Amino acid sequence: MSEPHEEVQQAPRRRSWAIDTTPLRNPAYRRLFWGVAATMLGQQMTLVAVPFQVYALTGDSLMVGVTSIVALVPLIVFGLLGGAIADSMDRRTLMLITSAGAAVTSALLAVQALLPGEGNLVVLWVLTACVSGFAAVNQPTRSAAIPAIVGAAGVPAANALSMTVRQAGVIVGPLLAGVLIGMGELFLAYAIDALGFLVAALLLRGLPSLPPGRNAGPLRLGAAIRGVGEGFVFLRTQPVLLMTFVVDIVAMCFAWPQAVFPELSETRFTDSPNALGWLFAGVSIGALLMGLTSGWVSRVDRQGAVVLAAIAVWGVAIVGFGWAHSLWLAVLCLAVAGAGDMVSAVLRSSMLQLAAPEEMRGRMQGVFIVVVAGGPRLGDLRAGALASAASVSVAMVSGGVVVVVAMALVALLVPSFWLFRASRSAV
């Protein structure tokens, strides 16, 4: 390991409930942190702009769900390959390449928004797929670099910080996107995303070299594909870690609400100012508040039990969202759901980063990103299709009930996950 990483020592763990900011004392982590902050605002604006533009072009929630599947395919392919590549080359270089690529793609999204007829669906889908591909490589590379930068003791706090700043972007981004879209400035929503990626690339240039944790030869596609297989072989030997993926897939596939937001903003909440922005921000309002009080999360020992409880809270809150007929109640339910998801995400990410050896972290984070980002896209398809065939309430309430029942079944059928303790972990 290079010297800059060895110098970092973590302060003793604090007993406060406030978020632990110790990793921000590390100059390299600060660059990574502010890089995330720079990109999140624009990324979240794009995540609002794309489904809005698709719904404006088609008038169909099902097509909004299909758009998520268009993004899912490159996410799976490049998420898995990207994790293997991150274990085979300098991670700083890989982050720079993918950040620059995302900046160019976002700029092209801005250009297509100016096309006659308020855009073109096929062009929009192609560029959305490209954005997804770059993000699928960039995100596992960033996550794999965190333990090398902050050390094992700093991983939970570093994850909480990164996820909290993401949630801040997810609140401000949708609200700003809603304002810009209401003003007819779809172009600006995409342009801000491109600018954020450019700023992130400039920050990443100042990072030290982040070589893989093993002697890697020249990067080849065949080796990367074999590396993906090796990652799944490793995961198969880690049942507790495997379940961290399973429970999240269930939560996202059955209770991710984003595909119905455009329809709700045009129907149930049409009289509420900036309903679209508030709906997209709702989950992250709760996640941000939980992140700011996440000092206790790094002290959790019964991690498996807390993950299951947090996801059950998510399911119950989505049931409430499905029945809500006022915007403020809908946003409140989404905020409660976001708080549960934040706790689950921090603990699952920390379990994975610490259990995987250095030479396997990129691949494990690749699988993690595929699950975390892929689950909501499958959830969009399910929610959009069911909302189109029945109603938004049916889509949301049924999904939330499935999630709660599934978490109870996992606790009963997989006791090793329910009883998992960080202090006794030997995975």
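User: What is the relative accessible area of Val111?
Analyst: Val111 has a relative accessible area of 48%, so it counts as partly exposed (buried is under 20%, exposed over 50%, partly exposed in between, with a 1.4 Å probe and protein chains only). The model is predicted: local features need pLDDT of at least 70 and side-chain atom pairs pLDDT 80 or more, while totals for chains, interfaces and linings use all residues. Residues are numbered from 1 along each chain as its sequence is written, and side-chain values use heavy atoms, without hydrogens or water.

User: Where is Val111 found?
Analyst: Helix α4, residues 91–112, contains Val111 (helices are DSSP runs of H or I, at least four residues, numbered from the N terminus). Val111 is 77 residues from Leu188 in sequence, with 9.9 Å between their C-alpha atoms.

User: Changing topic, at what angle do α2 and α7 pack?
Analyst: The angle between α2 (residues 27–58) and α7 (residues 186–204) is about 160°, and their axes are 8 Å apart (axes are fitted to C-alpha atoms over the stretch in contact, and angles run from 0 to 180 degrees between N-to-C directions). The two helices are therefore roughly antiparallel (over 145 degrees).

User: Which residue classes make up the contact of α2 with α7?
Analyst: The contact of α2 with α7 has 18 nonpolar residues, seven polar and two charged (Asp, Glu, Lys and Arg count as charged; Ala, Val, Leu, Ile, Met, Phe, Trp, Tyr, Cys and Pro as nonpolar; the others as polar).

User: How many residues are in the largest nonpolar core?
Analyst: The largest nonpolar core has 78 residues, and Tyr190, Val260, Leu279, Trp314 and Phe321 have the most contacts inside it (a core joins buried Ala, Val, Leu, Ile, Met, Phe, Trp, Tyr and Cys through side-chain atoms within 4.5 Å). Helix α13, residues 327–355, gives the most to this core, with eleven residues. Another core, of 22 residues, lies apart from it and includes Tyr29, Met95, Ala145 and Leu161.

User: Is Trp314 buried or exposed?
Analyst: Trp314 counts as buried because its relative accessibility is 1%. Trp314 sits in helix α12, residues 303–323. Leaving aside neighbours up to four places away in sequence, the residues Trp314 touches include Met252, Trp256, Val283, Asp341 and Val403 (contact means heavy atoms within 4.5 Å). Ala335 is 21 residues from Trp314 in sequence and 9.4 Å away, C-alpha to C-alpha.

User: And Gln258, which residues does it touch?
Analyst: Gln258 touches Leu47, Phe280 and Asp380, not counting residues up to four places away in sequence. Gln258 is in the loop between α9 (239–255) and α10 (261–266). With 18% relative accessibility, Gln258 also counts as buried.

Conventions:
Parallel < 35°, antiparallel > 145°, perpendicular 65-115°, else oblique.
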